[in-house]
Amino acid sequence: MPEEQSKPPAPYLPWKTFFNSLDTFGQGIPPRIDRTIWRAQSGLMQGLIMGAYRFFGLLDSNDRPNALLQRVVQNSNERAAVIGDLLKTSYPDIFAHDLSTMTTAMLNDLIEKYNVSGSTKKKAI
């Protein structure tokens with residue numbers, strides 16, 4: 001029986017870094033995404049960006065861009081709204097609750113469902 005693939009861990013890079021990483025594709029999206037696209041970023045940050053793209057389902061299993069990445073890149077005027085939808089889809093257990101009344105302990109418990117723990121969990125939150 002094939003082993004079930006788990007979802008990549010929740011991303012934990014700065015929001016602005018993720019948001020700005022999408023601007024790299026202003027001239028077009030290459031057929032395969034790899035970390036060298038973000039040459040101005042450190043190797044660590046490049047890896048975190050790739051992890052975020054995988055987590056949010058912007059790439060297929062071979063790191064090829066999909067229609068969702070194209071939608072996020074091409075709709076720069078609506079990017080925040082599209083990413084908002086992406087967050088709701090990617091974190092359904094968290095968005096099932098009223099975020100304005102969620103306690104820190106509740107969020108700590110819920111974020112563990114997204115394959116993070118320890119200091120990574122703290123960064124993801």
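Tutor: Contact here means heavy atoms within 4.5 Å. Helices are DSSP runs (H or I, at least four residues), numbered from the N terminus. This is a predicted model, in which local features need pLDDT of at least 70, side-chain atom pairs count only at pLDDT 80 or more, and totals for chains, interfaces and linings use all residues. Residues are numbered from 1 along each chain as its sequence is written, and side-chain values use heavy atoms, with hydrogens and water left out.

The helices in question are H3 (residues 67–74) and H4 (residues 79–90). From H3, the residues Leu68, Arg71, Val72 and Val73 meet Arg79, Val82, Ile83, Asp85 and Leu86 of H4. These contact residues comprise 6 nonpolar, no polar and 3 charged ones (Ala, Val, Leu, Ile, Met, Phe, Trp, Tyr, Cys and Pro count as nonpolar, Asp, Glu, Lys and Arg as charged, and the others, Gly among them, as polar). Two packed helices are described by the angle between their axes and the distance between the axes. For H3 and H4 the angle is about 150 degrees and the axes are 8 Å apart; axes are lines fitted to C-alpha atoms, for helices over the stretch in contact, and angles run from 0 to 180 degrees between N-to-C directions.

Arg79, one of the H4 residues in this contact, also reaches other parts of the chain. Its side chain meets that of Asp23 in a salt bridge, at 2.7 Å from N to O (a side-chain nitrogen of Lys or Arg within 4 Å of a carboxyl oxygen of Asp or Glu). This pair links distant parts of the chain, since Arg79 is in H4 and Asp23 in the loop between H1 and H2, 56 residues apart. Arg79 counts as buried at 4% relative accessibility, whereas Asp23, at 47%, is partly exposed (buried means under 20% relative accessible area, exposed over 50%, partly exposed in between, with a 1.4 Å probe and protein chains only).

Phe19 in turn belongs to one aromatic cluster, whose members include Phe18, Phe56 and Tyr91. Rings of Phe, Tyr and Trp (its six-membered ring) pair if their centres lie within 6.5 Å; planes under 30 degrees apart count as stacked, over 60 as edge-to-face and the rest as tilted. The structure holds 12 such pairs. Phe18 and Phe56 form a tilted one, 5.4 Å centre to centre with 55 degrees between the planes. Phe18 is in helix H1 (residues 15–21) and Phe56 in the loop between H2 (43–55) and H3, 38 residues apart. Both Phe18 and Phe56 are buried. The rings of Phe56 and Tyr91 have centres 6.4 Å apart and planes at 75 degrees, so this pair is edge-to-face. Because Phe56 lies in the loop between H2 and H3 and Tyr91 in the loop between H4 and H5 (92–95), the pair ties together parts that are 35 residues apart in sequence. Tyr91 is buried, as is Phe56.

How values were computed: Helix = DSSP H or I, 4+ residues; strand = E, 2+ residues; numbered from the N terminus.
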